[in-house]
Amino acid sequence: MPGEDNKTIIGKISYTNAWPVFHYVDPAALGTPADMVAAVPAELNRRMHEGSIQIGALSSFAYAEVADRLLLLPDLSVSADGAVNSIFLFTKVPLQQLKEAKVALTNTSATSINLLKILLEKSLGGTYSYITCEPDLTEMMAQADAALLIGDHAIRASWSNTEYYRTDLGQWWKDWTGCSMTFAVWAVNRDAVERNPEGMAEIADMFLESKRRSLSDLTPIVEEAVSRIGGSAAYWKHYFTNLCYDFDERQQEGLRLYFKFAYELGLLDHVVVPELWNEKRSVRVKK
């Protein structure tokens with residue numbers, strides 16, 4: 001269902017990791033009427049699920065939950081082939097000593113939460129209990145043996161933390177599986193494609209053009225990150241260039257493995273076969 005006045009609603013992840021794909025997106029410049037809303041992944045996920053956002057970014061796990069209603073946009077993701085630098089598990093003891101621990105989870109993204117469960121239960125082994133908290137490292141560690149933070153909360157905590165061990169989930173996944181990890185995808189509601197394929201294609205093209213322009217010159221995005229969040233220009237330039245915004249076979253392979261493990265652990269109740277939209281037909285991601 002479109003938004004008010006039949007406008008298409010575009011979902012924008014508010015975290016810095018998605019900024020390059022959104023920096024040059026201007027709904028007012030589109031031929032199709034559209035508005036853009038920015039929120040943390042959990043809110044975007046909910047609205048994509050219910051259909052009040054028709055196109056945009058959402059966490060990979062949230063896509064999997066309702067993959068039958070959505071199509072993936074080609075060439076767009078937030079992925080890391082190793083360290084992601086904004087998804088950290090903070091622990092009171094070294095990781096290998098963590099078994100049987102109580103883990104405080106952030107309440108802002110299902111993808112990272114379930115990635116951590118996969119890594120703990122399949123890679124590290126052991127039995128864990130989980131609590132959900134607001135993303136505040138001090139408060140989380142007062143209640144648990146370990147704490148998961150993502151996005152800008154994780155970045156800030158990584159700058160100030162001197163007390164706890166820190167594990168980058170992207171690097172842990174790469175070390176264990178050898179694969180890239182895709183944390184967020186761009187998707188479009190299947191009904192919206194049927195109603196307005198030209199409009200959805202125009203928005204998808206604007207995402208791709210924003211990505212291209214941003215990655216060709218990161219200066220304005222780096223300056224905004226320094227102004228809004230802190231840190232140095234060198235830090236943010238490395239952060240953005242380290243991430244991958246493509247969705248090629250390398251990223252698709254890692255995402256399929258993540259979905260497989262999530263299904264095996266009962267985190268997903270169905271096998272997920274992602275489908276890409278190429279403006280003319282949907283294409284199943286290779287098995």
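How far apart in helix H12 are Glu-253 and Arg-250? They sit three residues apart, so about one helical turn separates them. This report starts from that pair and moves through a predicted model.

## The pair in helix H12

Glu-253 and Arg-250 form a salt bridge through their side chains, with N and O 3.8 Å apart. How open are the two partners? Glu-253 has 35% relative accessibility, so it counts as partly exposed. Arg-250 has 30%, so it is partly exposed too.

The pair does not stand alone. A network of salt bridges links Asp-81, Lys-174, Arg-250 and Glu-253. Across the whole structure, a search finds 13 salt bridges. The general idea is simple: side chains of opposite charge can pair when their charged atoms come close.

## Two further bridges within helices

Helix H12 holds another such pair. Glu-264 bridges to Lys-260, and their closest N and O atoms are 2.7 Å apart. The two are four residues apart in helix H12, so about one helical turn lies between them. Glu-264 is partly exposed because its relative accessibility is 41%. Lys-260, with a relative accessible area of 43%, is partly exposed as well.

Helix H10 has a pair of its own. Glu-224 forms a salt bridge with Arg-228, with 2.7 Å between the closest N and O atoms. They are four residues apart in helix H10, so the separation is about one helical turn. Arg-228 reaches 52%, so it counts as exposed.

## Two domains

Domain 1 covers 8-80 + 182-283, and domain 2 covers 87-177. Their centres, taken over C-alpha atoms, are 24 Å apart.

How many residues of each domain meet the other? The answer is 26 residues of domain 1, in contact with 25 residues of domain 2. The size of an interface is often given as the accessible area lost when the parts come together. Here the two domains bury about 2,100 Å² between them, with 70% of it on carbon and sulfur atoms. On the side of domain 1, Tyr-15, Phe-183 and Tyr-258 lose the most area to domain 2. Together they make up 29% of what that side buries.

## Across the domain interface

Polar links also cross between the domains. Six residue pairs are in polar contact there. The rule finds one salt bridge across this interface.

Which elements give two or more residues to the side of domain 1 that touches domain 2? They are helix H2 (41-50), helix H3 (60-65), strand E10 (181-189), helix H10 (219-229), H11 and H12. H12 gives the most, with seven residues. By class, this side of domain 1 has 15 nonpolar, eight polar and three charged residues.

## Two buried serines

Ser-180 lies in the loop between helix H7 (169-177) and E10. Is Ser-180 buried or exposed? Its relative accessibility is 1%, so Ser-180 counts as buried. Its side chain reaches the backbone oxygen of Ala-80 at 3.4 Å. Beyond its sequence neighbours within four places, Ser-180 contacts Ser-79, Ala-80, Asp-81, Trp-173, Arg-250, Gln-251 and Gly-254. Two of these names, Asp-81 and Arg-250, also belong to the salt-bridge network.

Ser-210 lies in helix H9 (residues 197-216). It counts as buried because its relative accessibility is 0%. What does Ser-210 touch, not counting residues up to four places away in sequence? The list is Pro-20, Val-21, Phe-22, His-23, Tyr-24 and Val-25.

## A cysteine in a loop

Cys-244 lies in the loop between helix H11 (233-242) and helix H12 (249-264). Leaving aside neighbours within four places, Cys-244 is in contact with Ser-77, Val-78, Ser-79 and Gln-251. Val-78 is 166 residues away along the chain. Even so, 5.9 Å separate the C-alpha atoms of Cys-244 and Val-78.

Terms used:
Residues are numbered from 1 along each chain as its sequence is written. This is a predicted model: local features need pLDDT of at least 70, side-chain atom pairs count only at pLDDT 80 or more; totals for chains, interfaces and linings use all residues. Side-chain values use heavy atoms; hydrogens and water are left out. Contact means heavy atoms within 4.5 Å. Domain bounds come from an automatic or database domain assignment. Buried area is the accessible area (1.4 Å probe) that two parts lose on being put together, summed over both. A salt bridge is a side-chain nitrogen of Lys or Arg within 4 Å of a carboxyl oxygen of Asp or Glu. A polar contact is a pair of N or O atoms within 3.5 Å; within protein, one must be able to donate a hydrogen and the other to accept it, and residues adjacent in sequence count only if both atoms are side-chain atoms. Ala, Val, Leu, Ile, Met, Phe, Trp, Tyr, Cys and Pro count as nonpolar, Asp, Glu, Lys and Arg as charged, and the others, Gly among them, as polar. Buried means under 20% relative accessible area, exposed over 50%, partly exposed in between (1.4 Å probe, protein chains only).
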